[in-house]
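The exercises below concern one model, shown next. Work through each task before reading its solution.

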Amino acid sequence: MTIAVKLDAMLHERRMTLTELAERVDITLANLSILKTGKARAVRFSTLEAICAALGCQPGDILEFVPD
Amino acid sequence: MTRPISNALSIAHIGLRVLIVLNWIYGAIVLALLVGMFVAEPWTMTALGVPAPAQFAALAMGMRAIAALGLVAVPLNLALLTRLVAMVQTVGAGDPFVAANAHRLQAIAWILLGQQVLGLGIALIGKLVSTPGHALHLDAGFSPSGWLAVVLTFVLARVFAEGTRMREDLEGTV
């Protein structure tokens with residue numbers, strides 16, 4: 001089982017680039033890229049809150065539990 | 001603050017290198033002593049102040065055993081010192097909180113334990129073969145500070161391993 005990150009799809013839906021999101025949420029592009037590619041081991045609530053505020057979505061719109 | 005730290009690191013590095021050389025010299029001397037006890041026993045024993053082995057066979061035998069145990073300490077010391085050098089190098093490289101150092105500390109704790117056991121063995125032999133006329137005065141035996149160092153190093157190794165794992169987790173946190 002894995003937690004899938006759907007940030008790419010959400011960015012596409014909002015017509016926003018990762019660089020723009022990085023500027024809005026004040027998180028480095030490198031860290032956002034780690035999150036987007038599913039390489040992150042943990043996500044801070046503050047990061048999730050900032051992304052959701054910038055994209056106008058819910059945490060569930062970005063993260064999805066995928067059973068094996 | 002950077003300069004005193006780097007200076008301390010350089011001193012520690014040089015000090016450890018010197019200790020490694022001294023350990024080899026110590027090993028060579030003990031080996032020579034041990035070989036001498038077999039090859040040129042009368043001469044070696046006389047040089048050490050031990051009377052004819054015919055009269056003090058147990059004492060001579062005990063001294064051989066102590067020398068052999070002293071030789072065992074050489075690879076133990078070397079293993080400890082080389083690990084310490086590697087740890088100092090990681091501090092110098094700016095990244096000491098790595099899993100390898102936790103493993104090194106764990107190994108150092110086991111080596112310290114081995115050294116304490118070795119010391120007890122040497123002291124025991126010394127006590128067994130000593131006679132009122134010819135007592136062996138050895139700088140070995142039970143050392144509370146030595147055993148405390150063993151426990152502390154085991155604890156420190158565990159703390160280091162946990163700290164390293166937590167840092168790895170934090171590194172993957174976005």
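**Exercise 1.** At what angle do helix 2 (residues 18-25) of chain A and helix 4 (residues 45-55) of chain A pack, and how far apart are their axes?

*Solution.* This is a predicted model, in which local features need pLDDT of at least 70, side-chain atom pairs count only at pLDDT 80 or more, and totals for chains, interfaces and linings use all residues. Residues are numbered from 1 along each chain as its sequence is written, chains are lettered from A and ligands numbered from 1 in the order in which they are written, and side-chain values use heavy atoms, with hydrogens and water left out.

Step 1. Identify the helices: these are DSSP runs of H or I with at least four residues, numbered from the N terminus.

Step 2. The angle is about 115 degrees and the axes are 9 Å apart.

Step 3. List the residues in contact (heavy atoms within 4.5 Å). From helix 2 of chain A come Leu21(A), Arg24(A) and Val25(A); they meet Ala50(A), Ile51(A), Ala54(A) and Leu55(A) of helix 4 of chain A.

**Exercise 2.** Which residues of helix 2 of chain A meet helix 3 of chain A?

*Solution.* Step 1. Leu18(A), Thr19(A), Leu21(A), Ala22(A) and Val25(A) are the residues on the helix 2 side. Their partners in helix 3 of chain A are Leu29(A), Leu32(A), Ser33(A) and Lys36(A).

Step 1. For the geometry, helix 2 and helix 3 of chain A pack at about 115 degrees, with axes 9 Å apart.

**Exercise 3.** How many residues does each chain give to the contact between chain A and chain B?

*Solution.* Step 1. Chain A gives nine residues and chain B gives six residues.

Step 1. Take the buried area (accessible area, 1.4 Å probe, that two parts lose on being put together, summed over both). For chain A and chain B this is about 680 Å², with 52% from carbon and sulfur atoms. On the chain A side, Arg41(A), Ala42(A) and Arg44(A) lose the most area to chain B, together 66% of what that side buries.

Step 2. Look for salt bridges (a side-chain nitrogen of Lys or Arg within 4 Å of a carboxyl oxygen of Asp or Glu). The rule finds one across this interface. Arg41(A) forms a salt bridge with Asp169(B), and the closest N and O atoms are 2.9 Å apart.

Step 3. Find the main source of the chain A side: helix 3 (residues 29-36) of chain A gives the largest share, three residues.

Definitions and conventions:
Helices (H or I, at least four residues) and strands (E, at least two) are DSSP runs, numbered from the N terminus. Axes are lines fitted to C-alpha atoms, for helices over the stretch in contact, and angles run from 0 to 180 degrees between N-to-C directions.
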